[in-house]
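Here are some notes to read alongside the model, written as numbered points. Please keep the sequence and the structure open while going through them.

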Amino acid sequence: MPALPIVVVTGGAGFIGSHTVDRLMESGHRVVVLDNFSTGKRANLARWADNPALHVVTCDVAHGIFAALAPITKQHGPVERIVHLAAQVSVVASIANPLVDMQVNYGGTLHVMEYARATGVKKVAFASSAAVYGDVTELPVREDIHCQPISPYGNHKLASELALDYYASVHNVPTTALRFFNVYGPRQDPSSPYSGVISIFTDRARAGKTLTIFGDGSQTRDFVYVGDVVRAILAAAGDGNSRLIANVGTGGETSVLELARAVNELCGNRSTIEHAPSRAGEILKSRARVDRLRDQLGVVAQTALHDGLKATLA
Ligand SMILES: NC(=O)c1ccc[n+]([C@@H]2O[C@H](COP(=O)([O-])OP(=O)(O)OC[C@H]3O[C@@H](n4cnc5c(N)ncnc54)[C@H](O)[C@@H]3O)[C@@H](O)[C@H]2O)c1
């Protein structure tokens with residue numbers, strides 16, 4: 001039997017990572033998860049616990065990739081593709097601790113790219129973020145505008161994109177970077193204070209607890225369902241589209257007030273909605289231009305917010 005192609009998913013025990021692992025396992029890959037379990041959970045991968053095609057290795061992406069992968073590649077052959085999702089994911093923590101953010105979010109990307117260069121990986125797909133844009137006034141946000149990140153997190157995602165481009169152009173390592181907008185869905189951890197608003201609202205509405213909106217709730221986000229994001233990741237990890245940078249969103253906007261009402265309705269309207277003072281520095285409007293996602297990667301986000309919320313609550 002021919003060897004299964006090996007795909008490494010850094011951060012594969014996390015929210016988006018574990019959904020990516022699910023799809024890769026279903027389509028017959030050998031998958032290696034590299035994760036330090038700082039926010040990821042083994043439970044997210046429990047479905048594959050007895051499957052020998054999944055290898056879960058505890059590893060800091062900013063240190064030990066070569067050593068972590070050596071025993072697996074010795075036995076099963078070289079890594080074909082890497083999906084690089086591991087990151088320090090909190091913008092707030094990046095402001096408190098920019099050097100740690102740099103080590104994980106920029107340093108981690110350099111380690112991944114060095115591994116890819118040294119071993120001839122066929123494609124690296126990278127999780128960048130809409131945070132690279134900063135506070136943009138012209139919507140929908142186009143990929144080619146001047147990026148002005150307003151956090152170390154955004155800076156290091158942008159620096160990572162530049163690193164990908166350098167490795168692609170100078171060392172011929174094909175790369176694609178995806179700028180995720182607000183991703184939501186099952187397994188997003190509501191316990192973290194930095195979690196996405198949808199996971200917090202769904203968690204609280206289920207328990208009949210108050211939903212707190214900062215400001216009047218007119219701030220908008222482009223909420224994109226994790227299943228659609230994974231389709232974009234798999235397309236980015238495929239052949240072609242090297243040096244592409246593409247937004248991953250729906251192209252639409254939902255206000256936080258509309259969101260709170262929709263979540264509350266799906267949970268039987270048991271929660272009250274209250275307003276707290278607006279948070280300094282919060283971006284008011286966000287919406288992705290999605291032409292590149294559609295035209296270059298062939299992906300259109302299909303999941304309506306109502307359906308995605310239902311799946312998240314289930
Ligand atoms: N969720 C969103 O809305 C969103 C938006 C923009 C970008 N992103 C990016 O998508 C990626 C995945 O995010 P997520 O929402 O699934 O978050 P998550 O916290 O669930 O996943 C991150 C994973 O990376 C792991 N990790 C962290 N530091 C590590 C390190 N040093 N070495 C190895 N593993 C490490 C964590 O344990 C976790 O499993 C991240 O790169 C994040 O910056 C997410």
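1. How many helices and strands does the secondary structure of the protein come to? In this predicted model, the secondary structure amounts to 10 helices and 13 strands. The radius of gyration is 19 Å, close to the 20 Å that the globule rule gives for 314 residues, so the protein is as compact as a globular protein of that length. Along the principal axes, the C-alpha trace spans about 55 × 45 × 40 Å.

2. The next point concerns the ligand. It is surrounded by 30 residues, of which the closest are Gly11, Gly14, Thr39, Gly40 and Ala87. The elements that give two or more residues to this shell are helix H1 (15–26), strand S2 (30–35), helix H4 (98–119), strand S5 (123–129) and strand S7 (182–184). The largest share comes from H1, which provides three residues. Sorted by class, the shell around the ligand has 15 nonpolar residues, 13 polar residues and two charged ones.

3. A pair of helices deserves a separate look. In general, two packed helices are described by the angle between their axes and by the distance between the axes. Here helix H8 (residues 256–266) packs with helix H10 (residues 305–313) at an angle of about 50°, and their axes are 10 Å apart. That angle makes H8 oblique to H10, and the crossing of H8 and H10 is right-handed.

4. Which residues of H8 and H10 meet? From H8 come Ala262, Val263 and Leu266, and they meet Leu305, His306, Leu309, Lys310 and Leu313 in H10. By class, the residues in the contact of H8 with H10 are six nonpolar, one polar and one charged.

5. The peptide bond from Leu139 to Pro140 is cis, with omega near -5°, and Pro140 lies in the loop between S5 and helix H5 (152–171). The other detail is at Arg187, a residue other than glycine whose phi has a positive value, near 80°. Arg187 is found in the loop between S7 and helix H6 (197–206).

Technical notes: Residues are numbered from 1 along each chain as its sequence is written. This is a predicted model: local features need pLDDT of at least 70, side-chain atom pairs count only at pLDDT 80 or more; totals for chains, interfaces and linings use all residues. A residue is near a molecule or strand if its C-beta atom, placed from the backbone, lies within 6 Å of it. Helices (H or I, at least four residues) and strands (E, at least two) are DSSP runs, numbered from the N terminus. Ala, Val, Leu, Ile, Met, Phe, Trp, Tyr, Cys and Pro count as nonpolar, Asp, Glu, Lys and Arg as charged, and the others, Gly among them, as polar. Axes are lines fitted to C-alpha atoms, for helices over the stretch in contact, and angles run from 0 to 180 degrees between N-to-C directions. Angles under 35 degrees count as roughly parallel, over 145 as roughly antiparallel, 65 to 115 as roughly perpendicular and the rest as oblique. A crossing is left-handed if the near helix is turned anticlockwise from the far one by less than a right angle, and right-handed if clockwise. Two residues are in contact if their C-beta atoms, placed from the backbone, lie within 7 Å. The radius of gyration is taken over C-alpha atoms; the globule rule is 2.2 Å times the number of residues to the power 0.38.
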